[in-house]
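Take a walk through a protein fold, one region at a time. Keep the model open beside the text as you read.

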Amino acid sequence: IKRLIPFNDDQYMSLDYATVRNLELVENATGGHTNTLFSVMNRCSTAAGSRRLRQNLLRPYSRKEPIERRLSGVAELVRNRDLAHDIRETLRGCPDLERLTGRLGIGKINPRQMSNIAQALGTAERAVQVLESAHSPHLEGMRSGLPQTSELRTKLETALVEEPPLSAVKGDIFRRGYSQQLDDLNDSIRDARTYIASLQAKERERTGITSLKVGFNKVFGYYIEVTKANSSVVPEEYIRKQTLVNAERYITPELKEKEELIVSAEEKIFKLEADLFEQLLSQVAGHIDQLLLTAQLLAALDLVAGLGELAVQQGYTRPEIDTSRALTIDAGRHPVIETVLPSGSFVANDVDLHAEKVRIAILTGPNMSGKSTYLRQIGLLTIMAQMGSFVPAESARIGLADRVFTRVGASDNLAGGQSTFLVEMVETANILHNATDRSLVLLDEVGRGTSTFDGLSVAWAVVEHINEHNQCRTVFATHYHELTSMSALYEPVHNFQVTVKRWEDRIVFMHQISPGGCDDSYGVDVARLAGLPRKVVTRARQVLRLLESGKFNRSELGRNLYVERVQPTLFDAPPSEIEEEIKKLDIDSMTPIDALNLLRDLQGRLK
C-alpha cells in the first residue's frame, strides 16, 4: 500500500448483495462458479486480467467517459484481428506482476519470483511494441502509460541465473560476474568439487569394486559406500564412518579435507548470496510504483483483449451510451443462457423503456415462459454495457444507470428468523428507499409469499410508490393480472406479456415479449409438465373451474366438489376399463400370438 485515496462513489455503479446474487454475476445460485456472467465473459489470458474483469463486473462505471474509452479499445480489436491476436499471444503466460509486486512490498519474495518480475517486465516491453499499430484512445493511452522499465529488467536478468531457486538461503541465485567476491569463493572450491565429482570413477577403477558409490547427506557429509559383499577388498586407508544393513560407508583423509574446504566455503557463499539478494530486493522495491502501474495496465490490456475476443466469438454489438434515462435493446439475448442452449435457439427480445413515456413495464405470463430470464437479461446487459463491454443484441442504447436493483427468486434466512416473504419484503424495502430516478429496478413476483389479497395489495402499492416517488425505469413481472389495470390509471405504466400458444390440450411457450396483458398463468398446465399425477392435474382443473365460476363457497363446497368429481369432462376423461387392463399386462411373459389375440379382442370390444 503506497497511499490512501478517497473512493469516488460517483464514478461507479453500486450493486448490492441481493442484485449480485440474483443476477449470478460471479457465483451461481448453488454457490458454484459455472454458468455465471463472469465465467461466460472471461476470455482473459492472465490471472490479473480475470481479477480486473471480476472487479469491473461488481463495480461497473456510472460515467460515460471511461465506458466509451474502453469500448473504443474493444471496437478496434474486433476490427483488427491481427492486433488482437498479437496482444493475446504477448500476454499469454505472463507472470502475475500485481501479486509479485505485493510480495515484494512486504519483503516476502523468493529468487524465482524475482526472476518472474523480470519476465513480466519483458512482456510489458513487447506489449509496447505490439501497441505501436493501435489507434484507439484506450489502447494508445495504455501504450504511452506503460513505464520504461528496461533498465530494471536488464539488472534483474544480469543478476539472476536462468532458473533461480525457491529459497534465498541455499545459494545458486546469481550469475557469474555479478559479484567478484562471490566468484572468488566459488573459484576457491572449484578444484575440491571437481575432485569429488571424479572420485567415484577413480575409486571404482583403483579398487575394482564396480558397485562403489560416492554420496553426500546433511548429517554425515561426503562418504564412499561399499556393499558388505565387497568389504573384504576395501583399501586399508578407508576409515569406517557409518554401518548400514547391506553396506558400509567410509571416508578418506583426502576426502575429509576436501569436504571441510567445501563446507566452509559454502557457508560463506550462502551467507553472501543471501545478503546480495536482500540488497537486490531493496533496490527493486524502490521501483514499486512503476511495477504497480505496469501490472495494472497489463491487466487492463488483457481485459480489453478478452472483451474483444468475447464480442467476436459470441456476436456481440457495441452499445450506444448516453446520459438519458432511456433503455432500448433490439433483439437482446441472455449472455449465459444462450451459451447453454443449442446455437441459435435462444429467443431474442426487445426492451423499450423511457423514463418519460414507458417508465414501468408490467410483465405478465405463465410460469416457465421466460419472465425471470427476461428480467435478468435486462440487468446483465446494462451491467455489461456500463463496464465497457459489447452486448448480446442487434443494437442497444443504454441511458446510464446509477444502480441496478433486483428482487428475483425465492429464498429464506431461517437461521436469521426470516421467512421467504420477509426476505422478499426486506429486499423490496431496500429498493424503495434507495432507488433514484436514474436507477434500473427489476422486480419479480413481489407479494407472492402471502395470501392473494395481501400480496396483490403490496404489489399494487409498490408499483404506485415507484411511479410517484422513485420514478425510475422498472420492469415488474407478476402473476397478479389485476395489476394490468394500472396502465389505465397511470400514463407511465404499460403492459407486456410473454406469449403462449395452445396446441390441442397442451401449451407451447413462445418466450416472446409483446405488448398487452395476460389473464392466465397456466399453472395447472405447468404442473402437468412437471410430472404431477394425472388424477391430481385433472382434479386441479375441476377445482379451478369451480373457483372461476364463483361456486367455491363454504355452503356449497362439499356438494359442488362431489358433483364435479363424478361428472365426466370433455378434455380430462378418467382412464377407461381397457386402459386399466393394458396397464396390468405382463408384456414380457406374452408370446406374439397371445399379444395378437389380445389386440383383436380389445379392438372388438371397442367397436
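Start with a pocket. This is a predicted model, and in its largest pocket helix H3 (47-58), helix H6 (97-105) and helix H13 each supply at least two residues of the lining. Which helix gives the most to that lining? It is H13, with seven residues. By type, the lining divides into 11 nonpolar, six polar and five charged residues. The volume of this pocket is about 840 Å³.

Now follow H13 itself. The helix has 27 residues, and at 1.5 Å a residue they should span 39 Å. The end C-alpha atoms of H13 are 39 Å apart, so the model agrees with that expectation. H13 is mostly covered, with 19 of its 27 residues buried. Just after the helix comes Gly315, which takes a positive phi of about 70 degrees.

In soluble globular proteins, nonpolar side chains tend to be buried together. Here the largest nonpolar core has 123 residues. H13, which covers residues 288-314, gives the most to this core, with 13 residues. Leu25, Met114 and Ile117 have the most contacts inside the core. What does Ile117 touch, not counting residues up to four places away in sequence? The list is Leu97, Leu100, Leu104, Ile109, Leu156 and Leu291.

Move on to helix H16, residues 420-434. Its 15 residues reach 22 Å from the first C-alpha to the last, close to the 21 Å expected at 1.5 Å a residue. Which residues of H16 are buried? They are Val423, Glu424, Glu427, Thr428, Ile431 and Leu432. An α-helix has 3.6 residues a turn, so residues three or four places apart point the same way. The cover over the buried residues of H16 includes helix H1 (17-22), strand S10 (404-407), strand S11 (440-444) and helix H17 (452-470).

Finish with a single residue. Glu203 is found in helix H11, residues 190-207. Is Glu203 buried or exposed? Buried means under 20% relative accessible area. Glu203 has 10% relative accessibility, so it counts as buried. Leaving aside neighbours within four places in sequence, Glu203 is in contact with Gly208, Leu212 and Tyr238.

Conventions. Residues are numbered from 1 along each chain as its sequence is written. This is a predicted model: local features need pLDDT of at least 70, side-chain atom pairs count only at pLDDT 80 or more; totals for chains, interfaces and linings use all residues. Side-chain values use heavy atoms; hydrogens and water are left out. A nonpolar core is a set of buried Ala, Val, Leu, Ile, Met, Phe, Trp, Tyr and Cys residues joined through side-chain atoms within 4.5 Å. Buried means under 20% relative accessible area, exposed over 50%, partly exposed in between (1.4 Å probe, protein chains only). Helices (H or I, at least four residues) and strands (E, at least two) are DSSP runs, numbered from the N terminus. Contact means heavy atoms within 4.5 Å. On a 1 Å grid over the protein atoms alone, a cavity is a set of points where a 1.4 Å probe fits but cannot get out, and a pocket is an open set with protein on both sides within 12 Å along at least five of seven lines; lining residues have an atom within 4 Å of a point. Grid points are joined across faces, edges and corners, and a volume is the space filled by probe spheres set on the points. Ala, Val, Leu, Ile, Met, Phe, Trp, Tyr, Cys and Pro count as nonpolar, Asp, Glu, Lys and Arg as charged, and the others, Gly among them, as polar. The expected span of a helix is 1.5 Å times one less than its number of residues.
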